[in-house]
Amino acid sequence: MLNRKKNESESFGVIGLGRFGTALAITLAKAGKEVIVIDKSEAKVKELRQYTDYAYVLDELSADTLREVGIQNCDTVIVCIGEKMDTGILTTMCVVEMGIPNVIAKALTAEQGAVLEKLGAKVVYPERDMAVRLGKRLISNNFLDYVSLDNSVEIRQIRVSGRLVGKTIEEYGIRKKYKLNVIAIESGHTTTIEVQPDYRLNEGDVIVVIGKIDKMDRFEADL
């Protein structure tokens with residue numbers, strides 16, 4: 001069982017070892033984080049034991065069984081049980097009521113997400129988000145990746161090509177014309193976060209841009 005001590009690094013609990021939960025748990029463990037993983041499948045839990053000492057098989061996800069493995073000591077718990085809606089909702093309710101600082105729950109539908117949010121969890125939609133990300137990549141040859149801050153603002157990585165090549169940020173009017181801010185530029189193996197308006201863009205540079213989604217879409221369309 002995981003017992004937290006003061007000044008220890010942040011710890012995580014991952015409940016449900018489907019593809020999403022397994023990939024998440026491995027990523028956290030490889031980053032050196034303390035991770036509790038829980039699933040009812042012995043085979044799935046056994047696979048994770050090479051990454052964490054805190055891997056448990058639980059047939060029943062009750063408050064008592066979760067406390068026995070120390071889930072209440074985690075800073076963040078991610079409930080990755082989107083497919084079984086009732087189990088996911090009840091498990092989320094259990095960990096929220098334990099007073100865990102940060103509870104994240106996977107949802108497959110907007111209705112499921114609305115219930116989980118009312119319980120006090122932050123909701124993620126892995127399948128939907130992956131579909132959106134793929135769609136954006138298919139639509140734009142320059143688009144690399146994005147982070148959604150809310151329904152109207154995004155941070156996007158955009159590869160420099162076409163009309164941008166040889167222009168400075170000021171000359172192209174990224175801020176004046178599109179109301180977007182370039183917050184970083186990746187050139188080769190160097191990343192610059194103090195971006196100057198007279199920086200001349202090169203083929204293959206990657207600009208990291210923040211702004212309204214509609215302005216971002218217009219910017220990319222103009223490229």
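Which element gives the most to the lining of the largest pocket? I started my notebook with that. The model I looked at is predicted.

**Entry 1: the pocket**

I went through the lining element by element. Helix α1 gives the most, with 3 residues. I found that α1 (19-30) and β2 (34-39) each supply at least two residues of this lining. The volume of the largest pocket came out at about 370 Å³. I noted 21 lining residues. Those that lie nearest the pocket centre are G16, D39, K40, I81 and K84. Next I sorted the lining by class. It has 8 nonpolar, 5 polar and 8 charged residues.

A reminder to myself on method: rolling a probe the size of a water molecule over the atoms shows where empty space is left.

**Entry 2: helix α4**

I moved on to α4, which covers residues 85-97. This helix has 13 residues. From its first C-alpha to its last, α4 reaches 18 Å, close to the 18 Å expected at 1.5 Å a residue.

Which residues of α4 are buried? I listed G88, I89, T91, T92, C94 and V95. I then recalled a rule: an α-helix has 3.6 residues a turn, so residues three or four places apart point the same way.

**Entry 3: after the helix**

Just after α4 I came to G99, which takes a positive phi of about 85°. Then I looked at I100, in the loop between α4 and β5.

Is I100 buried or exposed? Its relative accessible area is 7%, so I100 counts as buried, the cut-off being under 20%.

Leaving aside neighbours within four places in sequence, I100 is in contact with I71, Q72, C74, D75, T76, V77 and V95. V95 is also one of the buried residues of α4. I100 and N73 are 27 residues apart along the chain, yet their C-alpha atoms are separated by 7.6 Å.

**Entry 4: cysteines**

C74, a contact of I100, made me look at cysteines. C74 counts as buried because its relative accessibility is 2%. C80 also counts as buried, at 6%.

How many disulfides does a search of the whole structure find? I got 0. For my own reference, a disulfide is a covalent bond between the sulfur atoms of two cysteines.

How values were computed. Residues numbered from 1 in each chain as written. Predicted model: local features only at pLDDT ≥ 70, side-chain atom pairs only at ≥ 80, totals over all residues. Heavy atoms only, no water. 1 Å grid on protein atoms, 1.4 Å probe; cavity = no way out; pocket = protein on both sides within 12 Å on 5 of 7 lines; lining within 4 Å. Points joined across faces, edges and corners; volume = space filled by probe spheres on them. Helix = DSSP H or I, 4+ residues; strand = E, 2+ residues; numbered from the N terminus. Nonpolar A, V, L, I, M, F, W, Y, C, P; charged D, E, K, R; others polar. Expected span 1.5 Å × (residues − 1). Buried < 20%, exposed > 50% of the residue type's maximum accessible area, 1.4 Å probe, protein only. Contact = heavy atoms within 4.5 Å. Disulfide = S-S within 2.5 Å.
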